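Welcome, and thanks for taking a look at this one with us. Please bring up the sequence and the model, and keep both at hand while you read the notes that follow.

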Amino acid sequence: MASVAYTADELAQRFGLRLHGDGAVRVDGVGTLARAGASQLAFLANPKYRSQLAQSQAGIVVMREDDAAGYDRTALIARDPYAAFARISALFEPRPVRDAGVHASAVVDPSASVDPSAHVGPFVSIGARSRVEPGAIVGPGCVIGEDCVVGAGSELVARVTLVARVRLGQRVTIHPGAVLGAAGFGLAMEAGRWLNVPQLGGVTVGDDCEIGANTCIDRGAIEDTVLEEDVRLDNLIQIGHNVVIGAHTAIAGCAAVAGSARIGRYCLIGGAAGVVGHLEICDKVVVTAMSLVTSSIREPGEYSSGTPLMDNRSWRKNAARFKQLDALARRIGGRGTAD
């Protein structure tokens, strides 16, 4: 693939940034502030890396107005350097060309439809009444079950499974190994044995969502499990049945959301966090990594739980005292007496 290069002036005009320095400087890739070369673009967003700027060899640095004061090389001035860097770096991301059409090894049910402009790769299976819309990409080894929709411009990278009644909006990206629409974990106890509750709903995914590798989203019991637009899920996440996740929310890897929980818009859920079922989290909530949400959150803000890391000896001593906290509080409050 031939390399592409852009001048600072071209980038400034294309992304609406202010040019500082020589507009003729040309870059053909990106790098970190500490390691970028003269033909690469870097960015400065976090003040803790400000000391690296003087020694950086980057041809162009994206930075804020304040950081450019006294800088004698080429920069692009942005209100949010990290977001600007993300947009610029996309120019250098190699994107494989996918020819339209259905691979000879793919199996498509006669009642399914594939738009002529879509790409269906090798060893794909598409079930009854499912639809692949214009410009969609279904990568190798994907399985699309019955009554599914792959929206226009969406991409199933490889080995993605849409089990049943999964509807993807436009420009959705799903990474390898993800499973959407598996049966939710619905059980009823009868005469000492578990009885499966049929999971009759589906999964609805809004436009511009991204779902990481090996993430699982269960279909609803009656109504759908729903991801609104621009939701971003990392790898190895479990989303239970009938969960609703509001637009623009992002969830980091190894998190789990139990059934029927509702998460608002613009929330951030940290890695390995857990959300108990049947509760609500309002808009603009941050849950830090390893936290467990056990009750509804009704005010925006940052929330944490858990015990901080310490040496094992100290942890064992403190753990032994956890059971004594209630009795201690009662003694201090005068509501009880010591033994």
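A surface patch here is made of residues with over 30% relative accessible area and no salt bridge, with nonpolar side chains joined within 5 Å. By that rule, F185, L187, M189 and W194 form a nonpolar patch on the surface of this predicted model.

**The nonpolar patch and its surroundings**

- F185 sits in the loop between β21 (179-182) and β22 (187-190).
- Is F185 buried or exposed? Its relative accessible area is 70%, and because the exposed class begins over 50%, F185 counts as exposed.
- β21, the strand on one side of that loop, pairs with strand β18 (residues 161-164) in the parallel sense, over 2 bridges.
- β21 also pairs with strand β26 (residues 216-218), again in the parallel sense, over 3 bridges.
- V179 takes part in both pairings: T161 stands opposite V179, and C216 is the bridge partner of V179 in β26.

**An open sheet of five strands**

- What is the order of the strands in the open sheet? The 5 strands run β2-β7-β6-β5-β4, and their pairing is mixed.
- β2 (18-20) and β4 stand at the edges with a single partner strand each, so one side of each has no neighbour in the sheet.
- Within this sheet, β6 and β7 pair in the parallel sense over 3 bridges.
- One of the residue pairs there joins M63 to I77, its bridge partner in β7.
- As background, strands of a sheet pair through backbone hydrogen bonds, either parallel or antiparallel.

- Helix α2 spans residues 81-89, and P81, A84, F85 and I88 are buried in it.
- Why do these residues lie on the same side of α2? They cover an arc of only 100° around the axis, and this puts them on the same side.
- The buried residues of α2 pack against α1 (8-15) and against the strands β4 (29-30), β5 (40-43), β6 (60-63) and β7 (75-77).
- Those four strands, β4, β5, β6 and β7, belong to the open sheet described above.

- R129 has a positive phi of about 65° although it is not a glycine.
- This residue, R129, lies in the loop between β12 (125-126) and β13 (131-132), and at 48% relative accessibility R129 counts as partly exposed.
- S260 has a positive phi too, near 70°, and is likewise a residue other than glycine.
- The loop that holds S260 runs between β32 (256-257) and β33 (262-263), and S260 is partly exposed with a relative accessible area of 25%.

**Salt bridges**

- How many salt bridges does a search of the whole structure find? The search finds 13.
- One of them joins R18 and E65, with the closest N and O atoms 2.7 Å apart.
- That pair links distant parts of the chain, 47 residues apart: R18 is in strand β2, and E65 is in the loop between β6 and β7.
- Both partners are partly exposed, R18 at 39% relative accessibility and E65 at 45%.
- R50 and D67 also meet through their side chains in a salt bridge, at 3.1 Å from N to O.
- R50 lies in the loop between β5 and β6 and D67 in the loop between β6 and β7, so this pair ties together parts that are 17 residues apart in sequence.
- R50 counts as partly exposed at 31% relative accessibility, whereas D67 is buried with a relative accessible area of 18%.
- The side chains of D230 and R232 form a salt bridge at 2.9 Å, N to O; D230 is partly exposed at 23%, and R232 is partly exposed at 36%.
- E93, R95 and E155 are linked in a network of salt bridges.

Definitions and conventions
Residues numbered from 1 in each chain as written. Predicted model: local features only at pLDDT ≥ 70, side-chain atom pairs only at ≥ 80, totals over all residues. Heavy atoms only, no water. Patch = residues over 30% accessible without salt bridge, like charges linked within 9 Å, V, L, I, M, F, W, Y side chains within 5 Å. Areas by Shrake-Rupley, 256 points an atom, 1.4 Å probe, with all protein chains shown as cover. Salt bridge = Lys/Arg side-chain N within 4 Å of Asp/Glu carboxyl O. Buried < 20%, exposed > 50% of the residue type's maximum accessible area, 1.4 Å probe, protein only. Pairing = 2+ DSSP bridges. Arc of directions from axis to C-beta. Contact = heavy atoms within 4.5 Å.
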